[in-house]
Amino acid sequence: MSLSAIFSEALYFFRNHLRQLAILTGPLLLLQVGIQLWLGMQLQQMDVENPEFSFSHMAAMMALLLIFSWLIAALTAFLDWRSAGHEPTNNQVLFGSLQFVPTLLLAGVFSGMAIIAPTMLAAAFGPLWIIGLGISAYLFARLAYVNFMVVTEKLTPLVAIKSSFSFSGPIVMKTMLVLLMYVPVSLIGGSLSQLAGALGLPAQIIIETLTAFFGLFVNIALFRLYMVTRNPPAVN
């Protein structure tokens, strides 16, 4: 299936389920953005030469990881169940996806370490950091399906990482092009957030939550690419 067809089907799904997606993911996104902004303000107030991290900072970062894992689990479960023809309620999705949170959390930590390692190692050699960044971007594309495999195939973290790397090989370029959609979303969101910052914290939270919500379109497009690759349509 062409990439344009992937985006068209993802947009169709996003538009037709906009209300349920907003109700399902909105509270989690709002909570996530609120904690992120609080952490950001805390970091700005720290002494750069002697930063001090308290228990509340560690707890906030752990809460962010848990909320993000739950958000991805809920979104993926919803996409999977809808693709199978089911019509789950939001409560069914939220509570049904909780079982995947611990596995997704571990998978996210392991895959995140693998992705960022080349950049960190290359940064020690000065200009070579750009090569490390390229390798990290490539690994990001190869491991982009880990979360889907944890939820839809119920794989363990390490097996999901290995399976994603193998699965994404033939579609790595398509995957990278889908992931590039995060760039305009981030640029537009960052600009809107700066404008909203002048209006106060409530406006900034709302704008960043809306930006994060529309950024979920990338996940939906990626999931569609995953589904048509895993289960290619029959050719008559």
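What is the volume of the largest pocket?

1. The model discussed here is a predicted one. Its largest pocket has a volume of about 1,100 Å³, and 39 residues line this pocket, those nearest its centre being Phe-68, Ile-72, Phe-140, Tyr-182 and Asn-219.

2. As to where the lining comes from, two or more residues are given to the largest pocket by each of α2, α3, α5 (101-123), α7 (146-152), α10 (182-197) and α11 (201-230). Sorted by class, the lining of the largest pocket comprises 23 nonpolar residues, 15 polar residues and one charged residue.

3. Helix α2 (residues 18-44) packs with helix α3 (residues 55-83) at an angle of about 160 degrees, and the two axes lie 10 Å apart. Since an angle over 145 degrees counts as roughly antiparallel, α2 is therefore roughly antiparallel to α3. The crossing of these two helices, α2 and α3, is left-handed, and their contact holds 19 nonpolar and seven polar residues, with no charged residues.

4. Helix α2 also packs with α11, here at an angle of about 125 degrees and with the axes 8 Å apart, so that α2 and α11 are oblique to each other. The crossing of α2 and α11 is right-handed. On the α2 side the contact is made by Leu-18, Leu-21, Ala-22, Thr-25, Gly-26, Leu-29, Leu-30, Val-33, Leu-37 and Met-41, while α11 supplies Leu-201, Gln-204, Ile-205, Glu-208, Thr-209, Ala-212, Phe-213, Leu-216 and Ile-220. By class, the residues in the contact of α2 with α11 are 14 nonpolar, four polar and one charged.

5. For helix α6 (residues 129-142) and helix α9 (residues 172-179), the axes come within 9 Å and cross at roughly 100 degrees. Because angles of 65 to 115 degrees count as roughly perpendicular, α6 is roughly perpendicular to α9. In this contact Ala-137, Tyr-138, Phe-140, Ala-141 and Arg-142 of α6 meet Val-172, Thr-175, Met-176 and Leu-179 of α9; the classes represented are seven nonpolar residues, one polar residue and one charged residue.

Terms used: Residues numbered from 1 in each chain as written. Predicted model: local features only at pLDDT ≥ 70, side-chain atom pairs only at ≥ 80, totals over all residues. Heavy atoms only, no water. Axes fitted to C-alpha atoms, helices over the stretch in contact; angles between N-to-C directions. Helix = DSSP H or I, 4+ residues; strand = E, 2+ residues; numbered from the N terminus. Parallel < 35°, antiparallel > 145°, perpendicular 65-115°, else oblique. Left-handed = near helix turned anticlockwise from the far one by under 90°. Nonpolar A, V, L, I, M, F, W, Y, C, P; charged D, E, K, R; others polar. Contact = heavy atoms within 4.5 Å. 1 Å grid on protein atoms, 1.4 Å probe; cavity = no way out; pocket = protein on both sides within 12 Å on 5 of 7 lines; lining within 4 Å. Points joined across faces, edges and corners; volume = space filled by probe spheres on them.
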